[in-house]
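Here is a friendly walk through one protein model. Have the sequence and the 3D view at hand as you read.

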Amino acid sequence: MKIKKIRKMNEAAWVIGIIVCALGVCMCTKANFGLSMIAAPPYILHVWLRDMLPWFTQGTSEYVWQALVMVIMCVAIRGFKARYLLSFGTAVLSGLALDGWIWIFGGNGAYEEMWLRIVMFVVGELVTTLAVAFIFRTTLPIQIYELAVCEIATKFGFDKNKVKLVNDILMLVVSAIMSFVLTGGLGGFGVGTILITIVNAPLIAMFGKLIDKMFVFDSRFPKLFGDGMKISEKNS
């Protein structure tokens, strides 16, 4: 029996991506096995500066770090577009969502029970990759992490999933260096970071194929946000 797809998911995919991705990062933080190679650098920066700057929350560190990523991306593709600033706005919303989830979970300190840490890590990684799969299919401003992958892939004609994998490996190295240099240990970087690097891109691709069977990412407001259905068709 053929499943009838749910349409008009462009804007919903953006909301799901922001909220659910922030939830995944929060859960992996509570697990304390190491954050993803994407979330680890801003977390390490947060740990390094939080005693000196009490207002420098994990969410704040997220969009500060993404601003730096945007600058590096512009240098790599040798260009800048005004819409990149909208992606920075999305990063700010994501940072606020992350701080909101951390507040709901009672802070970003790790759980003590091993079984709970394992559950939080596994579920956190699954919901994060699902969220990224949704984000890749929206025509609304995406976070700068995903924007950099999309812009570099488009600029040089590379496969997006392969660019994502290369980016993940590069950020893994950056995370390890930052962890040892800034914290003198493994704060935010651990065995979980390595595991996520291995499974992240395949999980995003898997979830992408799954949600393409269930949803059509056309827009409720095509004159404002474009035809999200093209994104879905391109990724199917």
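What follows looks at a helix pair and then at salt bridges in this predicted model.

## Helices H1 and H4

Let's start with helix H1 (residues 10-31) and helix H4 (residues 83-104), whose axes come within 8 Å and cross at roughly 45°. H1 and H4 are therefore oblique to each other, and their crossing is right-handed.

On the H1 side, the contact is made by Trp-14, Ile-18, Ile-19, Ala-22, Leu-23, Val-25 and Cys-26. H4 contributes Thr-90, Leu-93, Ser-94, Ala-97, Leu-98, Trp-101 and Ile-102. Sorted by type, the residues of this contact comprise 12 nonpolar, 2 polar and no charged.

## Salt bridges around Asp-218

Turning to charged pairs, a search of the whole structure finds 4 salt bridges. One of them pairs Asp-218 with Arg-7, with the closest N and O atoms 2.8 Å apart. Asp-218 sits in the loop between helix H8 (191-212) and helix H9 (222-225), while Arg-7 is in the segment before H1, 211 residues apart. Asp-218 counts as buried because its relative accessibility is 5%, whereas Arg-7, at 42%, counts as partly exposed.

Lys-8 also forms a salt bridge with Asp-218, the closest N and O atoms being 4.0 Å apart. Lys-8 lies in the segment before H1, so this pair ties together parts 210 residues apart in sequence. With a relative accessible area of 35%, Lys-8 is partly exposed.

## Arg-137 and Asp-212

Another salt bridge joins the side chains of Arg-137 and Asp-212 (2.9 Å, N to O). Arg-137 belongs to the loop between helix H5 (114-135) and helix H6 (144-156), and Asp-212 to helix H8, 75 residues apart. Both Arg-137 and Asp-212 are buried.

Methods: Residues are numbered from 1 along each chain as its sequence is written. This is a predicted model: local features need pLDDT of at least 70, side-chain atom pairs count only at pLDDT 80 or more; totals for chains, interfaces and linings use all residues. Side-chain values use heavy atoms; hydrogens and water are left out. Axes are lines fitted to C-alpha atoms, for helices over the stretch in contact, and angles run from 0 to 180 degrees between N-to-C directions. Helices (H or I, at least four residues) and strands (E, at least two) are DSSP runs, numbered from the N terminus. Angles under 35 degrees count as roughly parallel, over 145 as roughly antiparallel, 65 to 115 as roughly perpendicular and the rest as oblique. A crossing is left-handed if the near helix is turned anticlockwise from the far one by less than a right angle, and right-handed if clockwise. Contact means heavy atoms within 4.5 Å. Ala, Val, Leu, Ile, Met, Phe, Trp, Tyr, Cys and Pro count as nonpolar, Asp, Glu, Lys and Arg as charged, and the others, Gly among them, as polar. Buried means under 20% relative accessible area, exposed over 50%, partly exposed in between (1.4 Å probe, protein chains only).
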